[in-house]
Amino acid sequence: MVLHTPSGTMPRHVDRKALYTDLEARVHYLQQFLGFNADDVAALNKGSKHIKAMAPTLVDRVYAKLLETDITARVFKTRTTTSEDYDGDYPEFKSPYIQCRRMFLRWYMTKLCSDPTKLEFYAYLNKVGRMHDGKDRMISFDVEYIHIGACLGYIQDMLIEAVMGYDKISFPFRLALLRALNKVIWIQNDLFARWRVRDGVEFETEIEAAHQDRKAEPKAAAEKPSPRNQSHDRPGSARTGSSSWTESTSLFSEAVSSAPTLSTTSTQNPSSHHSVCPFSHTSSSSFETKVWSGGETSRSAGNDE
């Protein structure tokens with residue numbers, strides 16, 4: 001007996017093998033399941049200046065949180081959470097190494113300020129997930145999924161606090177922005193879990209082969225649309241000839257530097273009881289929250305879209 005959807009139509013087919021061997025198919029499935037659409041792209045585009053303003057604060061709070069427990073703090077020395085054979089000094093927030101690591105997270109946040117209608121955006125998120133499984137790096141990180149999931153949950157909570165606490169923008173817009181951010185975070189969560197969980201293990205050889213093939217593709221070939229990519233049900237809105245993904249408004253229409261700067265430097269370890277909201281005039285954070293471009297302070301984000 002074949003079950004039908006409430007509308008009476010047949011369920012849409014999903015190729016299980018493609019979910020594990022084809023990144024585009026996996027992301028397409030996640031976007032459709034989560035309902036990631038042109039409204040989300042528009043909300044992210046409109047809220048890009050606020051996202052950029054909160055990024056330095058978020059980065060500082062993430063590293064302060066990771067240094068609170070030995071199992072995550074020692075990763076910066078041992079590059080793994082699986083071994084407890086470490087009796088050395090733990091890194092401090094002000095140490096040069098942690099300040100260097102902060103640059104990497106700020107670079108990640110910069111990369112998020114790009115177009116989520118393009119496959120390249122998700123290929124980068126997938127690369128970050130694979131890297132934390134100890135793959136594709138000469139000196140790899142091996143971070144177990146429990147810590148990754150907890151960190152993403154912490155980031156999500158900070159975003160909720162920051163966006164909902166910023167009453168200079170309308171409530172409907174705050175809600176729309178949070179919904180869009182939530183979907184992106186959960187797609188990133190899956191692209192971490194993809195390399196840690198053992199679902200689809202029977203396709204492991206083909207998964208690796210597909211990943212290596214994609215790495216070997218010239219950039220021009222990777223951007224070339226194929227007939228399969230002309231499907232009418234892609235998320236977003238209008239298509240373009242230059243991308244295999246549908247495009248409406250670019251996620252971040254404002255110009256963002258391709259590399260992070262050194263304009264944001266913490267002066268002391270962020271305290272966990274301070275509000276993360278970088279837009280609040282009552283925020284008691286003791287470190288700077290300058291955005292990357294223009295030397296603009298986070299308070300300038302108070303000018304609504």
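Residues are numbered from 1 along each chain as its sequence is written. Because the model is predicted, local features need pLDDT of at least 70 and side-chain atom pairs count only at pLDDT 80 or more, while totals for chains, interfaces and linings use all residues; side-chain values use heavy atoms, with hydrogens and water left out.

The protein has 12 helices and zero strands. Helices (H or I, at least four residues) and strands (E, at least two) are DSSP runs, numbered from the N terminus. The pattern along the sequence is α-α-α-α-α-α-α-α-α-α-α-α. Of the 305 residues in the protein, 45% are buried. Buried denotes under 20% relative accessible area, exposed over 50%, and partly exposed in between (1.4 Å probe, protein chains only). The accessible surface comes to about 15800 Å², and 56% of this surface belongs to carbon and sulfur atoms. Areas follow the Shrake-Rupley method with a 1.4 Å probe; for residues, only the protein chains shown count as cover. Among contacts between residues at least 6 apart in sequence, 71% join residues at least 24 apart. A contact requires heavy atoms within 4.5 Å.

The mean pLDDT (the predictor's confidence in each residue, from 0 to 100) is 73, and 67% of residues reach 70 or more. Helix H2 has the highest confidence, at a mean of 97, whereas helix H12 (residues 219-223) has the lowest, at 52. Over residues 225-268 the pLDDT is below 50, and this stretch has 122 contacts in the model beyond near neighbours in sequence. Residues 276-304 also stay under 50, with 79 contacts beyond four places in sequence. Where pLDDT is low, predicted coordinates should not be read in detail.

The largest nonpolar core holds 54 residues. Such a core is a set of buried Ala, Val, Leu, Ile, Met, Phe, Trp, Tyr and Cys residues joined through side-chain atoms within 4.5 Å. Leu44, Tyr108 and Leu125 touch the most other members. Elements giving two or more residues to this core include helix H2 (23-34), helix H4 (48-66), helix H7 (96-112) and helix H10 (171-193). H10 supplies the largest share, 10 residues. A second, separate core of five residues includes Leu19, Tyr20, Phe203 and Ile207. Beyond its neighbours within four places in sequence, tyrosine 108 contacts Tyr124, Leu125, Val128 and Gln188.

Asparagine 189 lies in helix H10. This residue is buried, at 12% relative accessible area. Outside four places in sequence, asparagine 189 contacts Tyr145, Gly149 and Leu152. Asparagine 126 is 63 residues away from asparagine 189 in sequence, with 9.6 Å between their C-alpha atoms.

Six aromatic pairs were found in the whole structure. In the pair formed by tyrosine 86 and tyrosine 90, the ring centres are 5.4 Å apart and the planes lie at 75°, so the geometry is edge-to-face. Rings of Phe, Tyr and Trp (its six-membered ring) pair if their centres lie within 6.5 Å; planes under 30 degrees apart count as stacked, over 60 as edge-to-face and the rest as tilted. Tyrosine 86 is partly exposed, at 21% relative accessible area. Tyrosine 90 is also partly exposed, at 36%.

Charged groups also sit over rings. The criterion is NZ of Lys or CZ of Arg within 6 Å of the ring centre and within 35 degrees of the ring normal. Lysine 46 lies over the face of phenylalanine 173, 5.1 Å from the ring centre. The charged end of arginine 130 sits over the ring of tryptophan 195, 4.7 Å from its centre.
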